[in-house]
Amino acid sequence: MLVNRKRKILLLMLSVVLILTWLISEATNQDWFLQEVYTNIYGVIALLGGVMGLVVARQWGGFKSHLGKSLSFLSVGLLLTVLGQLINAYYILIVKVEELPYPSFAEIGFFGAVIFYVLGAIYLSKTIRLIPSLKQMGAGKKIMLSLVPILMLAITFVVYFRNYDSDGSTTAQIILDFAYPIGQSIFATIALAVLFRSKDLYGGKLRGAVILLLLSFVLQYISDTNFVYQDLAGNWVNGGYGDLLYLLAYSATALGVQSFGFPNTVQQVTSSVEPQKAIE
Amino acid sequence: MIEDYAKIVVAIVKEQETVIGPVAIDQARLVPGLTLDWEKKEATLKQDPKQTVDKLVEQYKSLFGQISVEVCKEAVGRLAGQLSPEQLPASLR
């Protein structure tokens, strides 16, 4: 099994290669490559991130601890995204549809991922004791923090439903049209609320990992919001900058989860005789 | 008196275990002067017990900073009330 540092380097290098590939293809107008190949390969980051993330989650007790649960849910979220992408690839490459069906079986992956990201965010907030800290917060901070979800929902609904027309939509479509942005707003709101706690992480070796995860939540929210914005405006293209945003979001989530990994195995950590050097 | 500190240690490790899983026990075992028999949920303190508790809190602090200290304080809760302010480890005040 690869040790954590090597897993992180692998994910980072793969992300950089995929970002550079996108930039070069875009600069040289390789539209065929971006639309036919790139769209179907960058999900490999989510696949690797999800599998490696489950290994890291296990080091923290898996579903037996708050942090283990958070990392497990986020890793499964990444894997569900891959499932959604694979189902869409099946529609495009095997069934050869001209327009992707919506809703389709791909929603099991994509909407499932939103639910799992929300659960991951909730358990991350439990790990850093967000609720107890809210009780001790001053009135000013409480007011500011309560404005965050209102602002997030306002932005989301302006982007999503500015030109919303449910005529001809099925009940399942309407439910999903509302459920996606609400779910995404929830995990983005928790991420921003957790950011209020980040100063209390000073001195902790895992501060950087928490902040990277928060960044990944925000990137995921931006990617999804941009997707809907471009889709409604009719200018979404496969392999476009929207896919680059998704790649950045997957990379940040995968690297964020991986940043909680130990430099070596748990056994080696336990065998250390020097306090303070267990996790670096 | 030393039993009170042992109870404090067990309470802290238990609470940390709900947050960070088995790493809580691994971290506690890195503290000099502290021995854990976690199957029996027992702790043995060999050196200055007050200082050992401080070292344990410091060990957790190295992971999540002040947030880890808050988890420790919350875990101790009622047990802390049984000690005088002088007996209470500085990290839990």
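Colleague: How many residues of chain A are in contact with chain B, and how many residues of chain B are in contact with chain A?

Modeller: This is a predicted model in which local features need pLDDT of at least 70 and side-chain atom pairs count only at pLDDT 80 or more, while totals for chains, interfaces and linings use all residues. Residues are numbered from 1 along each chain as its sequence is written, and chains are lettered from A and ligands numbered from 1 in the order in which they are written. Two residues are in contact if their C-beta atoms, placed from the backbone, lie within 7 Å. On that basis the count is 27 residues of chain A and 24 residues of chain B.

Colleague: Which helices of chain A each supply at least two residues of the side that touches chain B?

Modeller: That side of chain A divides into eleven nonpolar, ten polar and six charged residues (Ala, Val, Leu, Ile, Met, Phe, Trp, Tyr, Cys and Pro count as nonpolar, Asp, Glu, Lys and Arg as charged, and the others, Gly among them, as polar). Helices are DSSP runs (H or I, at least four residues), numbered from the N terminus. The helices asked for are helix 4 (66-95) and helix 11 (266-271).

Colleague: Are helix 9 and helix 10 of chain A roughly parallel or roughly antiparallel?

Modeller: The axes, lines fitted to C-alpha atoms over the stretch in contact, come within 8 Å and cross at roughly 160° (angles run from 0 to 180 degrees between N-to-C directions). Angles under 35 degrees count as roughly parallel, over 145 as roughly antiparallel, 65 to 115 as roughly perpendicular and the rest as oblique. Helix 9 of chain A and helix 10 of chain A are therefore roughly antiparallel.

Colleague: How far apart are the axes of helix 1 and helix 3 of chain A?

Modeller: Helix 1 (residues 4-27) and helix 3 (residues 44-59) of chain A pack at an angle of about 170°, and are therefore roughly antiparallel. Their contact includes A:Leu11 and A:Leu14 of helix 1 and A:Ile45 and A:Leu48 of helix 3. The axes are apart by 11 Å.

Colleague: Which peptide bond is cis, with omega near -5°?

Modeller: The proline concerned, A:Pro103, lies in the loop between helix 4 and helix 5 of chain A. The bond runs from A:Tyr102 to A:Pro103.

Colleague: Does A:Arg129 count as buried or exposed?

Modeller: A:Arg129 lies in the loop between helix 5 and helix 6 (130-136) of chain A, and its phi is near 55°, a positive value in a residue other than glycine. Because A:Arg129 has 20 C-beta neighbours inside 10 Å, it counts as buried.

Methods:
A residue is buried if 20 or more other C-beta atoms lie within 10 Å of its own, exposed if 12 or fewer, and partly exposed in between; C-beta atoms are placed from the backbone.
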